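Trainee: I would like a close look at one part of this structure. Please take me through a single contact and then its surroundings.

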Amino acid sequence: MNLLPQLVVRLVVITVACLFAAIAWIVVDTHRSVEHEAELSAQRVGRHLEALYWQELLWRGRARAGLNIPVSDWQSFETLNLISPGVCVSFALHGEPERTLCSQTAALGPQAPAWFVAGYGALFRHDSSARRPLFARAPAAGYIVDTPDRGAAIRQAWQQVSLVAGIAAGMAAAIALLTALMIGRTLRPARAIVAGLRRLEDGELAWRLPAFRTGEFALIAGAVNQLAGRLAHTHEERNLLTTRLLQVQENERRALARDLHDEFGQCLTATAALAASIEAGAPADRPDIAEEAQAIGRAQARMMKTLRSALVRLRTQDIEEIGLEASLRQLISEHNLLTASRSVFQLQVHGAIAALPRPIAIDVYRIAQECLNNAARHGAPTQVALRVARDGEAVAITVEDDGGGDAARIGRIGGHGIPGLRERLSALGGTLAIANGSAGIRVAAVIPLPANDAALHRAAA
């Protein structure tokens, strides 16, 4: 899961938790408020009843036997207005039944849903009521009781919870949206960093991240740029080392080809001459000697053929002597001779490849040689086409055969041919592409030319 959705989900969870905490606080505060209003209502009603008593006693001269108390005037709108909504006030004189007056609850809002009523009942299991003397001057005269109405308390709590929850839900949605936009904008450099790392993976080692305003991303960008610089330096050193190794390899191949030609080739030639001499001088009564001499001659011919093939793969001095194009044609001829009538190798040359520098010419020859060997070794083609083309900026070598096969399996086949080509081209700053052709495999290599050679080629054109 991406970081932005994770942060948004966590923000929503925290917001919902805060909303539930606020709802719980509202419910508890509403319950306490109703209890407090009940207590205040009882105090107001008590004072009002006491005032009515003295009014009846002093002004009107009404009295009852025993204790003077107003009988019916307390049940008035004036008394009802002293009682807060959702509160019931009861009072009783000594020895008389209890009388109760409750305020209206319809104005407190709609009925709460059943789940809210159940939750309120689970949170507040018992109703709280307070009992006190009706008259402070005569505690034994009677008592007054204030009782909060549970239904009224639930209505008040639900009304406030609905209001606050609606506002809080709207605010939470707006905050979540704005926060998601801000987080997305803040995390935008992360996408740039990931895209840059992928470009580094693709070999664009000269690429660098820009400076970011956010300190953390600026540190990451600095570390990535340092890593890119080190990779570029390491890549440059590796290419230099590969170039030197290829030069050493060419020198060793040249020395080995010279030794094989001068020493082993002369020995094989002498062996052939000696075998012919033995065969010619063998006595007529010893035909076995002539047959053994012939066997030596046949073995010498096979060894000489193998030696010529090895010399074709090893030597490159022909490039200096006869040029790259003639060397490539000689390479094509050697492959046609080796495969006899099984495959036909063809060469197409476009552009002035004779003017290529010697190191580039050797690389072109080696790449073409390796591609032709792979086409002949890993398939059964009837035609193999080698195309070498030079334009103003690079030299392109393309080898395509009709021997079938799957390009996706080429890189997984064991051996050092393809990895060697990639290493050589990487050191030269070139590219290698292997794809399916019309009837087989198509291998395309591109070697960029040095700036001065490209400029001279454009001037000549």
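Are Asp 363 and Arg 424 buried or exposed?

Mentor: Asp 363 is buried, and Arg 424 is buried too. Keep in mind that this is a predicted model. Now the contact itself. The two side chains form a salt bridge, with 2.6 Å from N to O. Asp 363 sits in helix α10 (residues 358–377) and Arg 424 in helix α12, so the pair ties together parts 61 residues apart in sequence.

Take α10 next. Of its 20 residues, 15 are buried, so this helix is largely enclosed by the rest of the structure. At 1.5 Å a residue, the 20 residues of α10 should span 28 Å, and the end C-alpha atoms are 28 Å apart, which agrees.

Now the partner helix. α12 covers residues 417–428, and its twelve residues should span 16 Å at 1.5 Å a residue. The end C-alpha atoms of α12 are 17 Å apart, which agrees. Its buried residues are Gly 417, Ile 418, Leu 421, Arg 424, Leu 425, Ser 426 and Ala 427. Look at the spacing in that list. An α-helix has 3.6 residues a turn, so residues three or four places apart point the same way. Just after α12 comes Gly 429, with a positive phi of about 80°.

A search of the whole structure finds three. One of them joins Arg 329 to Glu 325, with the closest N and O atoms 3.0 Å apart. Both residues belong to helix α9 (residues 324–339), and they are four residues apart, so about one helical turn separates them. Arg 329 counts as partly exposed because its relative accessibility is 40%. Glu 325 is partly exposed as well, at 31%.

Another bridge pairs Glu 400 with Arg 442. Here the closest N and O atoms are 3.9 Å apart. Glu 400 lies in strand β7 (residues 394–401) and Arg 442 in strand β9 (residues 441–448), so this pair ties together parts 42 residues apart in sequence. Glu 400 is partly exposed, with a relative accessible area of 26%. Arg 442 is also partly exposed, at 37% relative accessibility. Contrast that with your pair: Asp 363 and Arg 424 are both buried.

Finally, look at the surface. Arg 185, Arg 188, Arg 191 and Arg 213 form a positive patch there. Arg 191 is found in helix α5 (residues 188–201). Arg 191 counts as exposed because its relative accessibility is 56%. A nonpolar surface patch is made of Leu 163, Val 164, Ile 167, Met 171 and Ile 175. Together these residues have about 460 Å² of accessible area. Leu 163 belongs to helix α4 (residues 150–186). Leu 163 is exposed, at 55% relative accessible area.

Conventions:
Residues numbered from 1 in each chain as written. Predicted model: local features only at pLDDT ≥ 70, side-chain atom pairs only at ≥ 80, totals over all residues. Heavy atoms only, no water. Patch = residues over 30% accessible without salt bridge, like charges linked within 9 Å, V, L, I, M, F, W, Y side chains within 5 Å. Areas by Shrake-Rupley, 256 points an atom, 1.4 Å probe, with all protein chains shown as cover. Salt bridge = Lys/Arg side-chain N within 4 Å of Asp/Glu carboxyl O. Lys, Arg positive; Asp, Glu negative; His and termini not counted. Charge placed at Lys NZ, Arg CZ, Asp CG, Glu CD. Helix = DSSP H or I, 4+ residues; strand = E, 2+ residues; numbered from the N terminus. Buried < 20%, exposed > 50% of the residue type's maximum accessible area, 1.4 Å probe, protein only. Expected span 1.5 Å × (residues − 1).
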